[in-house]
Amino acid sequence: MLTLKKQKKAAKAFAEKWAGVGDEKQDTQRFWFELLQTVYGIENPSDFIRFEQRVKLENISYIDAMIPATHTMIEQKSIDKPLNAKIRQSDGSYLTPLEQARRYSGNLPYSDRPRWIIGCNFSEFQILDMDNPNSAPEIVYLRNLETDFYRLNFMINIKDSYVEKELEISKTAGELVGQIYDLLLEQYKFNIDLTEDYILQNINKLCVRLVFCLYAEDAGLFGTKALFHDYLSEFKPQHFRKALLELFRILDTPIEKRDPFDEPKLLEFPYVNGNLFSEIIEVPPFNESAIQMILKKACAFDWSAISPTIFGAIFESTLNPETRHQGGMHYTSIENIHKVIDPLFLDEYKENFKIAMSERMSKKRIEKLKKLQEDLSSLTFLDPATGSGNFLTETYLSLRRLENDILRETITDKSGSGILGFHEDELNPIKVTIQQFYGIEINDFAVAVARTAMWIAEAQMFAETEGIINREMEFLPLHNNTNIHEANSLKIDWKHIISPKKLTYIIGNPPFLGYGDQSDEQKKEMLSIWKDENGKVYSRAGKIDYVSAWYFKAAEFIQNTNIEVAFVSTNSIVQGEQVAPIWEPLFERFKININFAWTPFKWNSESSKKATVHCVILGFSTFKSKQCILYNNGVAKKVEKLSPYLIETDNILLESRTRPLDIQAKEMTTGNRPAGKALIIEKDDYNEFIKKDPKSIKYIKKLVGAEEFIHNKERYCLWLVDVAPSELIKMPEVMKRIKASREERLKGAADRRKLADKPSLFRETKNPKRYILFPLTTSENRRYIPLGFLDENTIPTNSATIIEDADLYDFGILISNVHMAWMRSFAGRLEMRYRYSKEIVYNNFPWPKNISDEQRKYIEYTAQQIIDIRAKYNTSTLGELYNDLIMPSDLRDAHRNNNIAVMKAYGFSTNITELECVRHLLELYKEMKS
């Protein structure tokens, strides 16, 4: 392996050799072979890098070079070709080398696409990180390679590019633990005197201890290879339980306090401490299956390669789904953790490292790097909903990796090997410690998991540091990791955990629970937190998500400090009716600023039992950040300000209203609730029903909700409003349904039982002659919500809203891109589907002012065009017509005409962006409120 000094020397020699030369066709392979071999120590570069890989565009093209192991693509040009110049392609287009490579990337199989793209012309390397595809490329010049060679390390850093492999290993480890768990659970249950809660507490703690031993053995923490396996393999099943208990005892006993006459095999184990093995736990007998599972499968697996965040997956896998849901717990993947910590602080410190490394003077460079290391060691973190510790663990790992990068540059002697001096920093160069990390977690098992994960992370980083300084350091015994506290985060004062004056960042993934899913105790917690300055509960505190309590406590905690906060949360807190009750106190009382945010994205988890949920990430503080960033589908955009709706507007909050704020708007109401299924006739039953009871046909109407309307599904109902009893009694099948309706309602909740006295009627009896039906839930992939007109022959259900006596003008405004832009900004979501709200979206929508008769008539004309063209495609459903991929061109044109007409009615430019449109509408909204 090349030492740092040798690598610098090789980089200098390489740069001098290739200065001013380089032809794309003749020299590309030799250039890259030499670079990889002489500067980066790749022994067989021909096995590492591939040239001329085929890729199909319009014709077959060839990628200049690929490094598959690190997902790196190289587009090579001759030395006389500037990398910023666009070059004519075979299809006649003009692209820069990086643009050309990006086009190649888009045509490769997903698994082959590059993380890194390099444009090179022998004298300059332009580097694009596809994790941030819209950022400016980094530039490394050949002439500076002696000092900048480290900036190309990603090409050979297989570890980073194999994150997915590491996670796959961790998943396998989690599956092994799950199998052990299932086998042990059977053994626990043989003792009928043990309660389920007691069993779960003990089996969880036992699993943590077993995993730590498996990891410690493979990571070398126990000293001798296979020590754990060899010790247990000597015992028969009837003695296996006792052997484990003895092992736990010895691991918790300091060397100097051990009985010298203990079994020699036991005395070989080191002292672990950290309270991991101090508590007495119930260990069940082990049958042959459980023993073989541990000795043959678990011990044969290499646990040293797991990610410490596997403990999150273990935690989620070993708790039953019902318990997990009650606590609102969702395991956060490494990818999602970095969506929080990277923009919050890590990107800035990585940039500081790059700046320090660009310093030409060695002494100044080392001074800057050591100052950066001191800065890293001064940071403190609190996760007030720690769970199994994934946030704290990954944050610690990220800081230690950066610290190890610093140590590579600062702790070397003239030969390039690690210093073996007597100075304190040299004996223990590590400054970032797990003592900088604080947590609060209500579940005792999760606390044990989090502490253990931190210890494993610490052990992995110790081993990496040892490789840098070429010296072993003592890792065991563990230090007491008492900063992770078992407590109810919503009841404890966080100041008892850490003083606000000492804290730098608050991070985490608080529980996800809608207000309807909260237990009575959790509802009490919400009301105890959401109080104003006078101790009075906020009026809408009982109608907001559980996660909001952490936002309130964090905002209160960071007053008069420079603490920054970032949480993963359900997307409901930035959409629909919850926005105002949550964010109004945060803005007005605590004066917080949103510094960065990720728009809603689908949850990713390393757990095999991951929950399906969509979430957002919000970073905030009481001071305005240097820059505000909005991440949308991974693309970062700098913005001046961010509202809680995650759009670039002022903090204008829409209140929930029972009636329209704009006097022009007709009232929107919800459709009818059937209050049971007995009065509904499904399509398959319709013909048989009217055959048995032909008189009923005049009392049967179509029944339409969102699903039926969009997808043209047939459904019917008995509509018996004002039907005389003398008529009803003549229809036996109808009478059966009425009787069934009464019985069904009597078995329901209290409000439904009251309806048993009116079993022939829906809860509501709205049957307008002409109305617009507005589906409440619709796909986020549609540009327009496909609303439309219906008449008295169709009964609307409560999965839709309706506007009675609506006309073409109403339809034209509501189907327009102006109203759809408003809807997309402020509607709620069901997963990612739009959830239209009359209280928030419709009742707050500002209609155009002072519209002329001519403008009104033209909007009516364009609305009728849309309706007529829909009718032309009467064999297609609205769902098919409004599928953006296959929407008929004449229907698209009709909508475009309508959009233009409506925008002109508002006085908007037809070139206006959706964001500008929403900003203008908000100004109109403010005028209406004033």
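Is Gly-671 buried or exposed? Gly-671 is buried, at a relative accessible area of 3%, where buried denotes under 20% relative accessible area, exposed over 50% and partly exposed in between (1.4 Å probe, protein chains only). The model is predicted: local features need pLDDT of at least 70 and side-chain atom pairs count only at pLDDT 80 or more, while totals for chains, interfaces and linings use all residues. Residues are numbered from 1 along each chain as its sequence is written, and side-chain values use heavy atoms, with hydrogens and water left out.

- Gly-671 occupies the loop between strand E18 (668-670) and strand E19 (680-682); helices (H or I, at least four residues) and strands (E, at least two) are DSSP runs, numbered from the N terminus.
- Leaving aside residues up to four places away in sequence, Gly-671 touches residues including Glu-764, Lys-766, Pro-796 and Thr-801, a contact being heavy atoms within 4.5 Å.
- A separation of 71 Å lies between the C-alpha atoms of Gly-671 and Thr-410, which are 261 residues apart along the chain.
- Asn-488 is found in the loop between strand E11 (484-486) and strand E12 (505-508), and counts as buried at 16% relative accessibility.
- The side chains of Asn-488 and Glu-525 are joined by a polar contact of 2.8 Å (a pair of N or O atoms within 3.5 Å; within protein, one must be able to donate a hydrogen and the other to accept it, and residues adjacent in sequence count only if both atoms are side-chain atoms).
- Ile-440 and Ile-442 are among the other residues that Asn-488 touches, not counting residues up to four places away in sequence.

**Strand E20 and its partners**

- Strand E20 (residues 700-704) is largely enclosed by the rest of the structure, because four of its five residues are buried.
- E20 pairs with strand E21 (residues 715-718) in the antiparallel sense over three bridges; two strands pair if DSSP finds at least two bridges between them.
- Ile-700 has Leu-718 as its bridge partner in E21.
- E20 and strand E25 (residues 794-796) run parallel and are joined by three bridges, with Leu-703 opposite Ile-795 in E25.

**The nine-stranded sheet**

- An open sheet of mixed pairing is formed by nine strands in the order E11-E10-E9-E12-E13-E15-E14-E16-E17.
- E11 and strand E17 (635-639) stand at the edges with a single partner strand each, so one side of each has no neighbour in the sheet.
- Strand E14 (residues 593-602) and strand E16 (residues 628-632) run parallel, joined by three bridges, and Trp-598 stands opposite Tyr-631 in E16.
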